[in-house]
Structures are given as structure tokens and as C-alpha cells.
Amino acid sequence: MKKKTFPRGIHPPGGKEWTADKAIEVLPPPEKVYIPLHQHFGQPAQPLVKKGDTILRGQKIGKAPALFSADVHASVSGKVLAVDGHPHPLGKPVLAVTIANDGQDSSSDEEEIPDPFSLSPEEIIRRVKEAGIVGLGGAAFPTAVKLAPPADKPIDTIIINGCECEPFLTSDYRLMKEYPEEIISGAELIRLATNAKQIIISVEDNKEDAAELLASKIQEKHIFVEVLTTKYPQGAEKNLILALLKREVPRGGLPFDVGVVVQNVGTTKAIWEAVRFGRPLYQRVITVSGSGIPEPKNLLVRIGTPLQTVIDFCGGLKEGVNCLIMGGPMMGITQWNLEAPIIKGTSGLLAWSLPPASQVFDCIRCGRCVEHCPMGLTPTQLAKYIQFGFWDEAEAWGVLDCVECGCCQYSCPAAIPLVQWIRLGKATISALKRKTV
Ligand code: SF4
Ligand code: SF4
């Protein structure tokens, strides 16, 4: 039977064989962690601790000041050395809590719930919010917000996203292989929180063994595993909903506009741990890979661990490495400082020795960027409008619908930095809108 997928997209080399068979290893907590108070979509958390405080692992050290924000927790026990600016993987330094690890790993009290499935939706969502959970696929959107859509947007389907379509990343694959029961239980909690009818766990066909394992553990009739064609960006929410349910999220809309909540498998496991064990989000699984890493691995890492510590654990950087990316090669962010820490949204760390950037040529109107754009946009035209400052035209042609997947730039024979132009356009249009409000 033909497997489901979405229109357009690309087939970049997978590279997953480098780490797919590497079981998750625990990276020992470092001597110092640097925990940014802004690691999520929305406003930064406000500090709850000060220099000299003694704190426990799992203690709340930053409080969300608004709905679109997330609490932040200590990832080790010890003493607060500073609450000040520190390099951040997304660019400029942000306020961070530096903790000297006392090596005790003493934890704050965690309230276990023996039967979490008996909790009310409100209590499930409260526990998710208290744990500071955000989307672990990379977007870091506050999960409690996603679990509480407006009353006039009923949810019928939960999609658990195990596609992990970015090349080289295998952290979600390892989670599905090593923690299938926890993922299924977390999915059921999401269903109970949203009052949905069914759960679809979606996995690409380059991970069929994980799909089979998950399917073998399912006991409820309302949970299904669906194997999709391996194609990038299959895991983007709108593509996933279209492929699985043939529902199109409207322009500027969100999955709940079509009755759906999508959660990544790592987030789903974190939800289980938060609700069942009262465990805050202070660690996550990442893939460390690329030609510049001597020993590629999948690692369970404490939030706030410096990139240097992670790289050292994987054998250091090989000579000639000139590119370090946080996330996958398609949508990841180039790193500039090895003191920057692992944050909640870090799915991977990839190191490469790349040749000098290729020359940029004029557009030859080949149409490949249009042919591959999963959002049905016209990237070449958008880039032109943005270059010349035609903001209204760029918006009318749908620039704000761009998910920054990079398919256009990957396909462009003229090596035009289409995504950079589009990002600039999106940021400028958003800033102009804020000014006029
Ligand atoms: S225009 Fe945006 S959504 Fe379309 S291919 Fe380019 S980056 Fe992806
Ligand atoms: S792929 Fe590149 S060269 Fe071809 S139309 Fe798009 S921008 Fe122009």
C-alpha cells in the first residue's frame, strides 16, 4: 500500500546510520551549568534565585511571567555562582543562572502520582506547566498552552510526531526504541488533557523497527501507528496533518484550527515523567554527530551543560572543523561560542569541516525552489520582494507562512541564500506590525 506523505519536499542524504544504533548514554553532570532563563517561545522567565543560594536539582529557578513563557529548573544541586549574562546558542547573551554542581544530585521533593490517568485535564496541564515543559522538537513552544486550546476549537486527534525528518538526528528514534511504553502513556495523558478521541503516532519508513515496536506495545483501540514516506520536512506540523488527515491548516492558523494537537515524541515522554513522577524538564536527549566528531553518540544531557563539555565527551572536535550546528543541518543554528549551553530546544549538535561557501549566482528562473516548497510558496519571488523592501507584496505572497525548512535553498542551483532573505523579511514585517499596533 502506498504510504502517506505531503506534496513537494526534498530527499536529502539521511546520515542517520552514524548514530542510529548508539543507545542513549548518560553524560555525567558537569562541574558548572549555565541555565538560561530564556530557552522557549515567549517571554523570558524571571529569576527566583540569587548568587550564594543553595539549591536542589529540579528546584524552580525561573518563573514564567506570562502565558507564553515557561518555568526553568535547576539541572544539578549546588550553589548559585551568578545570575548574569551568558552566551546563548540562539545568538546574543541572555540572563542565565550559573550553578556550581556539588556532586550530590540532591533533588527537591517530587510528588508521584500512582494513577496519573485518573487526573482531571486541568491537573494534567497544571503539572505539565509546573515542570516547565516546552516542545523538544526544536520550536520550544510552551506545552501547557498547546494542551489548552480555546473552548471553540475542540480537538479530536492527537498526533505524536516521531518523524525526525532532519538528517543525522537520531535522538527521537532512540527514545522510541528505548522508551516506547513511556511515549504511549504520555500520549494517552495528552489525549485525556485535550479530550481527543484518537492518537496517531507517526513514524517515517526509515524507522520501521521503531514503529513496529511501538505498535506491539499498544493495548488501546484508539491509538494507532502510521508509517509515512521518508521525506523532508515530513515532521513539520502542517505537513504531518495534511499527510495523515488530509486537513489543511489555514494560512496563519494553528493545528487546533483543524482539531489537532501535535507533540514530538521527546515532549510526550517528558509529559509522562512530569505528570507521573513530578519530574521537571532539566535534562533531554540529543544527538552529537557529523564528520567533525570522532565518536558520534546519543546522549542524555543536563540542561545548561556547556557545548564544550558535550563535545569533549564525544572525543573533541577533529582538526579543521569550521562549522558547529545546534539542531539538524536543514534548520539548525550555527554556533559561535563553546561556552553556550544545551537548552531545552537542543535536539542535536553537529560538527563539520565544510569547503568555502559557493559563489552566489543570479536566479536562472529554473523554478526548483517553487517545485520543492512544502508550503506552496514562490521563494524566488519572495526573496526579490524582500531585497527591494516590498514588504506588503512579500506578505501578500505568503512570506509569513514560510516554515524556514530550507528546501528552497537546498534545491537552488544558483546558491541564493533564500532562507536568509525570507527570515529577514519575516522579522521586518513582524517589527513593522508591532510598531503600528
Ligand atoms: S519558502 Fe520557506 S517553507 Fe518554502 S521551501 Fe523555502 S524555507 Fe521552506
Ligand atoms: S531555485 Fe534558485 S535559480 Fe531556480 S528559480 Fe529558485 S531562486 Fe531562481
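## The shell around ligand 1

α12 and α13 each supply at least two residues of the shell around ligand 1. Helices here are DSSP runs (H or I, at least four residues), strands are E runs of at least two, and both are numbered from the N terminus. The largest share, three residues, comes from α13.

The model is predicted: local features need pLDDT of at least 70, side-chain atom pairs count only at pLDDT 80 or more, and totals for chains, interfaces and linings use all residues. Residues are numbered from 1 along each chain as its sequence is written, while chains are lettered from A and ligands numbered from 1 in the order in which they are written.

How many residues surround ligand 1? There are 15, and the closest are Cys373, Cys402, Cys405, Cys407 and Cys408. A residue is near a molecule if its C-beta atom, placed from the backbone, lies within 6 Å of it.

## Two positive phi angles

Most residues other than glycine have a negative phi. Glu404 has a positive phi of about 60 degrees. Glu404 sits in the loop between α11 (391-396) and α12 (407-411). Glu404 is partly exposed because it has 16 C-beta neighbours inside 10 Å.

Ala415 also has a positive phi, about 55 degrees. Its loop runs between α12 and α13 (418-436). Ala415 is exposed, with 12 C-beta neighbours inside 10 Å. By the cut-offs, 20 or more other C-beta atoms within 10 Å means buried, 12 or fewer exposed, and anything in between partly exposed, with C-beta atoms placed from the backbone.

## A cis peptide bond

Most peptide bonds are trans. Tyr232 and Pro233 are joined by a cis one, with omega about -5 degrees. Pro233 lies in the loop between β11 (223-228) and α6 (237-245).
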